[in-house]
Each structure stands twice: as C-alpha cells, then as structure tokens.
Amino acid sequence: FVTLSTTSDDPLSTNTSTTGEIDGDLWTQLAGNLVVSLLGLLATLIALAACTRIVAGAYFGEGADWRESLRYAGRRLPSLLWLGLLYGLMVAVGTVACVIPGIWLAVAYAVSIPALLIEDTRGTHALRRSFRLVRRRWWPTFGVLLLGLLLINVVQTTLSLPLLGILLAGGGDPNVVVFV
C-alpha cells in the first residue's frame, strides 16, 4: 500500500532531473518503506516475546494470558531492540567479511532472543549464551532454521498465488500486480 500510494500514475516514466537528482516521489517511497519495515520489525519482536512468554509459561506450568504476555513483551522491548541491533550488526559484519561467516553467526545467535526472554540475560550476554547453546548443535540448529524458512516460503507462496491469479484474471490495475 505504501508503494502504491507513493508512485506516480505512470510507473515507467523517469522523472529525474538532468543533474541526476532523485525524484521526490522516490524519497517519499523510500521513507514510507523504511517506516513500514521498522513497524514490521517492532511488531515481530513484540509477537515473538509474547509467544515466547506463553510457550515458556506453559512449559514451566505457569498460566499466561495474552494480556500478561503483551505486558511482558512491552517491558522487555528496549532490551529486544538492543539485542536485535547487536545481532544484525554481527551478522552484517560476518556477511560482509564473507557470506559463510554471516550464515554461521546468524545460526550461532539464533536463540539469543529466547535466552534474553527466558533466562533474563541482556545484550552481549544473550549473544554469548546463544553461542554456547548452539556451539555443539550448530548443524541441527541450521537444519531447523532452514526447514522453518522453507515452510514460511511454502505458506507465503500458497497464499500469494491465488491472490495473484485473481488480480491477473480480473484485469485490474497492473501496478497492483507488480507489488504482490
């Protein structure tokens, strides 16, 4: 929706000036997409923390309703944001060095958020705890993460294809189809 609301009527036109300045619509679109990405990240962290609280509570025999789980997530949001930033920076540095270290670090730090939430560790301590937990189980952890990614893609594709078919069959706005 952000992309559709910030593009011009003719998406194939190039509205750049002769001096190479980028069109104002592009800056608006980039800013809108940045805001949407940040809100998506925030929603993901809150949902992850709330779900972790519910699952951990059930495992330890404690009852937790959705309201208490959201409060739990809200209290830990600053720590989650800091950990997400550290995680992203470490994986980015590893990826820039070479793709393989980035993948290795992403898997090694994969359980840092549950470590933060369940064991009440913070920042670099959560990253170290994740590293220690995954150290001898890197390949099985990688397999589970890869399987999860494949399942997400299958579900996403399964849900997107009918919508794409409806949009194409309906003869609607072709710009909408591009962004599905």
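A salt bridge, as the term is used here, is a side-chain nitrogen of Lys or Arg within 4 Å of a carboxyl oxygen of Asp or Glu. The model you're looking at is predicted, so local features need pLDDT of at least 70, side-chain atom pairs count only at pLDDT 80 or more, and totals for chains, interfaces and linings use all residues. Residues are numbered from 1 along each chain as its sequence is written, and side-chain values use heavy atoms, with hydrogens and water left out.

Let's start with the charged pairs. Side chains of opposite charge can pair when their charged atoms come close. Searching the whole structure turns up five salt bridges, including these:

| Pair | N to O distance |
|---|---|
| Glutamate 62 and arginine 53 | 3.3 Å |
| Glutamate 68 and arginine 75 | 4.0 Å |
| Arginine 122 and aspartate 120 | 3.0 Å |

Through shared partners, salt bridges link Arg53, Glu62, Glu68 and Arg75 into one network.

How covered are these residues? Buried means under 20% relative accessible area, exposed means over 50%, and partly exposed is in between (1.4 Å probe, protein chains only). Arginine 53 counts as buried because its relative accessibility is 13%, while its partner glutamate 62 is partly exposed at 43%. Arginine 75, at 53%, is exposed. Arginine 122 is partly exposed at 39%, and so is aspartate 120 at 45%.

With 44% relative accessibility, leucine 30 is partly exposed.
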